[in-house]
Amino acid sequence: MLIGATLGRYFAMRFVRTILGVFLTVFTLVYTLDFVELLRRAGDAEGASTGLMAQLSLYRTPAVAEGVLPFAILFGSMAALLQLSRKLELVVARAAGISAWQFLQPGVFVALAIGAFTVGVYNPVSALMKQRSTEIEAKIFSRSTKANSGKDLWIRQRSLDGQAIIRADTAVEGTTTLAGVSVFTFDEAGIFTAQIEAAKASLHDGYWELSQARVMAKGQPAESFDTYLIASTLVPSQVRQRFTPPESVPFWQLPETISRFERAGLDATRYRLQYDVLLARPVLFLAMVLVAASVSLRFFRFGGVGKLVLGGVAAGFVLYVARQVLEGLGASGIVTPAVAAWFPAVVGSLLGTLTLLYQEDG
């Protein structure tokens, strides 16, 4: 039996307010910490103004905050139910003949709606903003030694000109462009021949195109070039896959990305796993609501609420660890991506339902 429309909207708004409150609190905290870290990294980097760092942090934060969405659902649902219980609103609802399954319907609907929204809208926007942030970082930080994050990228290749080792400060996600590039070239005998410093390098079919390059060949004076080409046997799709994590690909582009990699003979397991994880997200949010309900419906006058809340936090943490372990197994190919993505969400939902059945119906 469905809950009444007026009461349903009231309960739904309570869930929405608490969930958004938890998420925005975490979002603000992540933004502040990231902004402070970017100011520290900026140092004397040219063009790294405070306003630009604030904008860059705003581009980076949504992708980071996306990872805490399940906990926002869990803690927000727990807070909403505890507030309703503390104010005896759930007691009145039960006295009016409304069961726990009925007044949980708004929470379930809110969780599924938020899950669908984050998959279809929030994730694509956050992924595009993350890509934009890497472009800005490449322009600002590629020539600043103080601003280097310490996560250098290395590529080794062999071509018609011999061997080359390429080091880059950062890669622009979704592209084959590297920034802050140093290239060390060797002849076929493995003898060092030249070092090339460039602001940017882009891989095309058969060659790297270096911009604003400075070539320091062995035994010769240094020369500067606006554009400098280096032969390469690397495939652009391979480089794009290596430097574009699945989390940076928008949801609506994942099927095309998976198809493109498979046609090129590349392993698309990580991208297929990410696609299944996003599809399973609404069910995972549903599991979080059920877990929250299983520890938040006890009447305050009976006591022991604190222990139940702690148990809910522990259950959410266990579910998170299980997700991470299974996703790791899925990425390595030990289990299929579908099993790795859907198993925690489905099992969490079933366990939450089983606990509620035991509590409410004996």
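I will go through the salt bridges and then a helix contact.

First, the ground rules. This is a predicted model, where local features need pLDDT of at least 70, side-chain atom pairs count only at pLDDT 80 or more, and totals for chains, interfaces and linings use all residues. Residues are numbered from 1 along each chain as its sequence is written, and side-chain values use heavy atoms, with hydrogens and water left out.

How many salt bridges does the structure hold? There are six, a salt bridge being a side-chain nitrogen of Lys or Arg within 4 Å of a carboxyl oxygen of Asp or Glu. I will show some of them.

Start with R60 and D34, whose side chains meet at 2.7 Å, N to O. R60 sits in helix α2 (residues 50-65) and D34 in helix α1 (residues 5-42), so this pair ties together parts 26 residues apart in sequence. Helices here are DSSP runs of H or I, at least four residues, numbered from the N terminus. Are R60 and D34 buried or exposed? Both are buried. Buried means under 20% relative accessible area, exposed means over 50%, and partly exposed is in between, with a 1.4 Å probe and protein chains only.

Next, R40 and E37, a salt bridge at 2.6 Å, N to O. Both belong to helix α1 and are three residues apart, about one turn of the helix. R40 is exposed at 56% relative accessible area, while E37 is partly exposed at 33%.

Then E262 and R272, with a salt bridge at 2.7 Å, N to O. E262 is in helix α8 (residues 254-263) and R272 in helix α9 (residues 269-279), so the pair links parts 10 residues apart in sequence. E262 is partly exposed at 43%, and R272 is partly exposed at 34%.

Now the packing. α1 and helix α3 (residues 69-86) pack at about 130 degrees, with their axes 8 Å apart. Axes are lines fitted to C-alpha atoms over the stretch in contact, and angles run from 0 to 180 degrees between N-to-C directions. That makes α1 oblique to α3; under 35 degrees would be roughly parallel, over 145 roughly antiparallel, 65 to 115 roughly perpendicular, and the rest is oblique.

Which residues make the contact? Among them are F11, F15 and I19 of α1 and A72, I73 and L84 of α3, contact meaning heavy atoms within 4.5 Å.

That is the last item.

How values were computed:
Helix = DSSP H or I, 4+ residues; strand = E, 2+ residues; numbered from the N terminus.
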